Amino acid sequence: MGVALAGRRRLIRLGVVVVVLALVAFGVVRALTAGAAREESKAAETVEVDRGEVTTEVATTGTLRPAQTRSLSFAVSGTVETVKVRAGTTVTAGQVLATVDDTDAAEAVDDAQDALDDARAALTKASSTSTSTGCDVAAAYTTASASPSASVSASPSATATTSPTPTRTKTTKPSPTGTKSAAACSSRGGSSGGDSILSAQQRVNAAEVNLEEAEEALDGATITAPIAGKIISVGGKVGSSAKSGSTFVTLADVYDMQISADFPEADADRLAVAQKAVITLADRAGETFDATVVQVDPVGTSDGTLTRFGVVLSFDDAPDELLVGQSANVRVTTGSKDDVLRVPSTAVHDVSGEDGTVLRDGTATQVKLGLRGDRYTEIVSGLTAGEPVARSW
């Protein structure tokens, strides 16, 4: 009984070993035959040489930014009286954005005007009471004051760092001809009268300059939008103090958006102004937008491991409601040829300069290469249209 039981156990163990060995053998054979089948299928997949377009592209991600941004400031320091906008507000050109208390500036204008009036009265008195021998000094100054020259100055109401603000005519200044005429009269004997008139005229000139500066300061108590766009930031609130010349409002021209992108140096040497590009945006799935390269930085920036070159692209037809700072996928076409002999780029191996190898009828064949793209490679010589080559090997 015990001998029979032991014999059965040996048979069971032997059977298990045989089954395991059979399964292992089956797996090995299956793997070998499957690999051979794949190789045969791969070798058998061919494509004909044809004619068509070959393009090369480089791609990266970029960021949308306004074509221009204005940093606006007050021309005078003071307490903020009104702030009519906030970040995100859309404004039109000429719209008032913020003001500071202009009481002191207005008083300064009144004082400057009074000083100018007094100076002109003194000039009139000096001209009327002047006497000279053989020379009418008063007439010389009267003639000069009849043809004033306009004094033009820039309005500081919306001081921007990127472009000049509108100009306007403030006051008029007499031509220096009068001073020269008075000096001439003085040299011919009217020294006392000429000196008094010259002094009075200098006083008028100084008063006019002071009035202009006071008027500019008064205008500078108000910030107005020099362009239409969207407010990016506001640097204060009602009741806060604002310093002259410090940016208080940042305004962006969102109607002319651009894409700022960085490319690694391996791609940057193929980029050039006027190249065409395609832009895709995450919030507009399925849509593509044409763009053009408008700037390529001549100097790169390095982070210690990789040097990148900045590129700016402009939309050919910008979509509405773009967001400042949103990301964009950028694909720039750096080369393109139409109606050339081509094969899939996967069919070309052992590339060295303009030489490469393709598999034709199972035989490695040397060919001359032209433009190499991601999908297709141009064949300059070594193949003719219609010949079959291995798609990948």
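Beyond its neighbours within four places in sequence, T90 is in contact (heavy atoms within 4.5 Å) with G229, K230 and Y255. The model is predicted, with local features requiring pLDDT of at least 70 and side-chain atom pairs pLDDT 80 or more, while totals for chains, interfaces and linings use all residues. Residues are numbered from 1 along each chain as its sequence is written, and side-chain values rest on heavy atoms, without hydrogens and water.

T90 belongs to strand β5 (residues 90-91); strands (E, at least two residues) and helices (H or I, at least four) are DSSP runs numbered from the N terminus. With a relative accessibility of 45%, T90 is partly exposed, a class between buried (under 20%) and exposed (over 50%), using a 1.4 Å probe and protein chains only. Its C-alpha lies 9.8 Å from that of D253, although 163 residues separate T90 and D253 in sequence.

Turning to strand β15 (residues 289-296), this element holds T292, which is buried at 15% relative accessibility. Leaving aside neighbours within four places in sequence, the contacts of T292 include A274, K276, V312 and D316. The side chains of T292 and K276 also form a polar contact at 3.0 Å (a pair of N or O atoms within 3.5 Å; within protein, one able to donate a hydrogen and the other to accept it, with sequence-adjacent residues counted only if both atoms are side-chain atoms).

Helix α1 spans residues 2-44 and contains V16. V16 is partly exposed, with a relative accessible area of 48%.
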